[in-house]
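Have the coordinates open as you read.

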Amino acid sequence: MFYNVGMDSFDKLRLLNENMDVEEGFLSTRFFESCESMKIERQIPNVTYAKLPGGESIPLLKTMVSSICEKNCNYCFFRSGRDFPRAIFQPNELAEMFLKMEKKKVVKGLFLSSGILGHGIFSQDKIIETAEILRKKHKFQGYLHLKVMPGAEKDQIRHLMMYADRVSINLEGPNPDRLECLAPQKRYFEEIINCLQWIHEIRTSEFANRTFKNQWPSISTQFVVGPAKESDNELISASSDLFRRFKLSRIYFMAFSPVINTPFENIAAENPVRENRLYQASFLLRDYGFQMEDFYFDETGNLSLSQDPKTTWAEKNLLECPLEINKASKEELLRVPGIGVKRANNIIAFRQKNLIRNLDHLNFIGISFEKSGKYILLDGKKLGSQLRLFQF
Ligand code: SF4
């Protein structure tokens with residue numbers, strides 16, 4: 001293996017970016033930027049987009065401090081022992097290159113990860129150092145998503161959290177057995193759950209007034225879906241636990257895709273619809289009050305691929321007993337397909353002055369008859385009879 005041979009900063013960046021999967025809230029759009037600097041335009045292979053909590057999408061440079069890694073995760077392009085050119089950035093070099101791109105308005109934020117070196121402690125220090133240079137020396141105020149390295153120490157995590165808008169550590173598998181299959185050298189509790197526990201402790205027990213933005217960063221994690229043969233039940237159960245225990249902002253699911261010259265190269269790619277169903281389930285857990293018992297799994301422990309989990313719940317619970325839309329609580333309204341947080345709020349606001357009696361009212365509130373009609377009552381009546389009245 002060789003690294004940094006004959007490479008300038010942009011060569012390294014291209015090499016590192018070309019092989020990073022699109023993950024963690026990045027839209028899959030590959031963005032070939034059109035900045036004034038032809039040098040940057042020519043040399044940067046892609047910039048991805050991150051969606052911020054307020055809904056704004058910003059262009060983000062996603063890169064690594066080092067593509068050298070001492071771990072041998074069975075699905076990963078960067079696993080130790082794979083023979084391909086690798087690169088390492090010095091923190092100063094990476095910070096300055098990022099700022100050049102930011103100045104040219106190619107990117108507005110940075111997602112910084114790394115292969116694991118020095119049991120995670122060395123590479124964690126390099127990520128911290130880069131963030132410190134950006135925040136302290138260059139007063140960079142924009143978005144920083146910083147990766148926690150499995151094996152990092154609590155003080156390092158606290159230091160990292162001083163500069164980050166978001167921190168993340170990937171769990172990869174929903175339990176120790178599945179992680180063992182995916183990443184035999186990673187230790188589920190000691191290296192990953194411990195880090196999540198520390199992040200949570202710091203966020204809940206220490207003042208954030210020493211952080212760069214006077215607030216602690218949000219937390220996310222990611223699962224690799226498919227090759228460890230885990231069920232949706234295992235993934236959703238682990239997700240439920242993570243939301244409850246550590247107040248995660250987001251859980252990402254990456255449908256597996258095989259990489260040549262890895263132990264998993266002959267395993268088929270995972271169906272992206274499954275990934276989508278898992279995202280829907282995680283949003284139901286996080287935002288809609290769903291509990292484990294509200295999901296319906298088949299005999300293999302998986303969700304339906306042909307129907308989203310909220311519709312499955314409604315078919316089994318609301319078809320026979322539709323919900324009176326004029327009396328339902330917000331939590332109940334959120335169970336109806338086609339009604340999300342915004343529409344539930346619209347319904348409650350409308351009800352303060354009027355009864356919801358007909359299709360015109362529903363249309364006004366933004367509720368779709370096709371999506372929600374069969375699960376609700378309007379002033380005691382099923383929407384079928386409303387529709388007949390409407391038609392005559
Ligand atoms: S720790 Fe595993 S997933 Fe991360 S870069 Fe190394 S081999 Fe890849």
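Strand β2 (residues 47–51) and strand β3 (residues 57–64) run antiparallel and pair over four bridges; strands here are DSSP E runs of at least two residues, numbered from the N terminus, and pairing takes at least two DSSP bridges. Ala50 sits opposite Ile58 in β3. The two strands make a hairpin with five residues between them, and Gly55 in the turn has a positive phi of about 105°.

This is a predicted model: local features need pLDDT of at least 70, side-chain atom pairs count only at pLDDT 80 or more, and totals for chains, interfaces and linings use all residues. Numbering starts from 1 along each chain as its sequence is written.

On its other pairing, β3 joins strand β4 (residues 109–113) in the parallel sense over five bridges, with Met64 opposite Ser113 in β4. To get from β3 to β4, the chain passes through helix α3 (residues 91–103), a right-handed β-α-β crossover; helices are DSSP H or I runs of at least four residues, and right-handed means that, with the strands pointing away from the viewer, the path from the first strand over the helix to the second runs clockwise.

Now the ligand: its surroundings are Cys69, Lys71, Cys73, Cys76, Phe78, Arg79, Gly115, Ile116 and Ala183, counting residues whose C-beta atom, placed from the backbone, lies within 6 Å. That shell has six nonpolar, one polar and two charged residues, where Ala, Val, Leu, Ile, Met, Phe, Trp, Tyr, Cys and Pro count as nonpolar, Asp, Glu, Lys and Arg as charged, and the others, Gly among them, as polar.
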